[in-house]
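Hi,

Here is the structure I promised to pass on to you. Please load it in your viewer, and then read my notes below alongside it.

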Amino acid sequence: MNILNVVKVFMWRACHNALATKSNLQHPKITEDPLCPVCGIKVETTWHVLWSCPVAKDIWSRCNRKTQKSSVNQEEFMLIWEELLQHLNIEDMELMAVVARQIWFCRKAFVHGNKINSTINVVGSAEESLEAYQEVNSRKNEVAKRRNSQDLRWEAPKNDFVKVNWDAAVDLNRNKGRGDQKRWNGRGSGDFVIVKSLHY
Ligand SMILES: [Zn+2]
């Protein structure tokens, strides 16, 4: 998937039920209240947080038509993700991954006393950040491709041949050229400077 590594890590944690939801924190008795702090109705599981909580539902409903039409009835986030993978294309899944992470941060902000901003903004900012990342990524790939195609590798000369690479600069006023030996590789080794007079 062409998404940030932090989003991949988030999705891996979501699918493996490794997010710090109340349900997951309940086992070591870290929290006594297992209910979702946003709706206060259901136990805060990964599935509820990212899929069935009214806030999550509202955000998904604004995401795109295909997501709206996906009637997934699983109660494990990994099963939901697997089912969606069968129906949606990779671009839709990439956006869904970014939106899922945005939902998580949206809730965290709410828990820390901030209001949940417009759910329209959540989807919009997810789309913008995904687009920006993919654009930068494709530029990087282009540059890397160009570099690779220009990467002329040095090869050792055959026996009885000497390879000389050199650059030269010409002083037009003094009619003299100066060449600097850049690399010497053959049998034996050494550095030297070539100085040659040019006559026009
Ligand atoms: Zn809820």
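Of the 200 residues of the chain, 20% count as buried. Buried here means that 20 or more other C-beta atoms lie within 10 Å of the residue's own; 12 or fewer makes a residue exposed, anything in between partly exposed, and C-beta atoms are placed from the backbone. The model is a predicted one, with local features needing pLDDT of at least 70 and side-chain atom pairs counting only at pLDDT 80 or more, while totals for chains, interfaces and linings use all residues. Residue numbers start from 1 along each chain as its sequence is written.

The secondary structure comes to 8 helices and 3 strands, and from the N terminus on the order is α-α-α-α-α-α-α-α-β-β-β. Helices (H or I, at least four residues) and strands (E, at least two) are DSSP runs, numbered from the N terminus. As for contacts (C-beta atoms, placed from the backbone, within 7 Å), residues 24 or more positions apart account for 49% of those with a separation of 6 or more.

Let me start with the core. A nonpolar core is a set of buried Ala, Val, Leu, Ile, Met, Phe, Trp, Tyr and Cys residues joined through C-beta atoms within 7 Å. The largest one has 30 residues, and Leu50, Ala56, Val98, Val99, Ala100 and Ile103 touch the most other members. Two or more residues each come from H1, H3, H4 (54-61), H6, H7 (90-111) and H8 (119-150). H7 gives the largest share, 9 residues. Leaving aside residues up to four places away in sequence, Val99 touches Ile59, Cys63, Val122, Val123 and Ala126.

Next, helix H1 (5-15). Its buried residues are Val7, Phe10, Met11 and Ala14. They cover an arc of only 95° around the axis, which puts them on the same side of H1; the arc is that of the directions from the helix axis to the C-beta atoms. An α-helix has 3.6 residues a turn, so residues three or four places apart point the same way. On the other side of H1, Asn5, Val9 and Trp12 are exposed. The cover over the buried residues of H1 includes H3, H6 and H7.

How do H1 and H7 pack, and at what angle? The angle is about 75°, with the axes 9 Å apart, and that makes H1 roughly perpendicular to H7. Axes are lines fitted to C-alpha atoms, for helices over the stretch in contact, and angles run from 0 to 180 degrees between N-to-C directions; 65 to 115 degrees counts as roughly perpendicular. From H1, the contact uses Val7, Phe10, Met11 and Ala14, and from H7 it uses Ala97, Val98, Ala100, Arg101 and Trp104.

Val6 also lies in H1, but with 9 C-beta neighbours inside 10 Å it counts as exposed. Val6 and Val98 are 92 residues apart in sequence, and 9.7 Å apart in space, C-alpha to C-alpha.

Asn17 sits in the loop between H1 and H2 (22-25). Although Asn17 is not a glycine, its phi is positive, about 50°. Asn17 is partly exposed, with 15 other C-beta atoms within 10 Å.

Finally, H6 (77-87) has Phe77, Ile80 and Trp81 buried. These fall within an arc of 95° seen down the axis, so they line one face of the helix. Helices H1 and H3 (46-52) are among what covers them.

Best wishes

Terms used: Two residues are in contact if their C-beta atoms, placed from the backbone, lie within 7 Å. Angles under 35 degrees count as roughly parallel, over 145 as roughly antiparallel, 65 to 115 as roughly perpendicular and the rest as oblique.
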